[in-house]
Amino acid sequence: MSAARVLVVEDAEAIRVAVESALRDAGLVVSGQRDGRGLEAVLDGFRPDLVVLDVMLPGRDGFALLEVVRRRTDAGVVLLTARDGVHDRVRGLRGGADDYVVKPFELAELVARVGAVLRRLRRVPATVQVGDLVIDADAGVVLRAGNRIELTGTEWRLLGYLAGQRGRVVNKVQILTAVWGYDEYDPNLVEVHVSALRRKLEAHGSRLLHTVRGLGYVLRAESP
């Protein structure tokens with residue numbers, strides 16, 4: 001299955017760039033723009049599976065653009081709203097948005113919510129398999145060789161991110177950004193959680209979570 005496509009419409013460049021980067025790190029195809037100018041053409045050309053849409057935009061606001069998205073596509077919509085924008089959230093959901101994230105937000109939360117909407121819309125597989133490891137996000141179950149593995153919330157996010165990047169080496173900054181929502185923190189945090197996750201996975205089989213010296217980590221099944 002090809003990667004899901006996400007359009008990010010956000011006028012604050014720093015936020016837009018960070019969101020685009022986090023979504024790309026999650027294995028999605030991403031395009032971004034700062035406002036709603038030419039949105040109709042972008043929707044027709046890019047054909048997103050989901051739109052991340054800021055409510056407070058110059059020109060046509062997020063609610064007007066939500067109507068455009070709903071008229072022209074069957075894409076999911078995740079709204080970005082102000083901290084105290086209860087009215088905005090209700091109005092957006094009634095207007096057809098699938099979910100919302102309140103500013104300021106952690107990138108990890110936004111990526112998780114985008115993934116959840118894409119799974120509900122069947123735009124990405126709910127179940128991922130790497131060797132004899134099966135991750136069923138909808139059921140909240142991880143199995144290794146048929147054995148259920150109990151994970152903490154952080155381990156779930158970490159494994160989900162690595163599974164989305166399976167076969168691809170990711171570094172500690174990418175993991176920090178995707179799982180914890182920031183990239184300036186003690187990298188030992190990643191090492192500790194990777195080690196804990198690795199122990200749980202290896203309790204029922206050979207190594208799947210590999211360290212690539214000087215580069216980062218990769219989730220892959222080695223050929224027999």
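So, strand 3 and strand 4 (residues 76-81): they pair in the parallel sense over five bridges, where pairing takes at least two DSSP bridges between two strands. Strands here are DSSP E runs of at least two residues, helices are H or I runs of at least four, and both are numbered from the N terminus. Leu53 has Leu79 in strand 4 as its bridge partner. Strand 3 also pairs with strand 1 (residues 5-9), again in the parallel sense, over four bridges, and there Val8 sits opposite Val52.

Quick caveat: this is a predicted model, with local features needing pLDDT of at least 70 and side-chain atom pairs pLDDT 80 or more, while totals for chains, interfaces and linings use all residues. Residues are numbered from 1 along each chain as its sequence is written, and side-chain values use heavy atoms, leaving out hydrogens and water.

Back to strand 3, residues 50-54: five of its five residues are buried, meaning under 20% relative accessible area with a 1.4 Å probe, protein chains only. Leu50, Val52 and Asp54 are on one side, Val51 and Leu53 on the other.

Now, the helices. Helix 6 (residues 153-164) and helix 8 (residues 188-202) have axes, lines fitted to C-alpha atoms over the stretch in contact, that come within 10 Å and cross at roughly 85 degrees. That makes them roughly perpendicular, the label for 65 to 115 degrees.

Last one: His210, in strand 10 (residues 209-212). His210 is buried, at 11% relative accessible area.

Definitions and conventions
Buried means under 20% relative accessible area, exposed over 50%, partly exposed in between (1.4 Å probe, protein chains only). Axes are lines fitted to C-alpha atoms, for helices over the stretch in contact, and angles run from 0 to 180 degrees between N-to-C directions. Angles under 35 degrees count as roughly parallel, over 145 as roughly antiparallel, 65 to 115 as roughly perpendicular and the rest as oblique.
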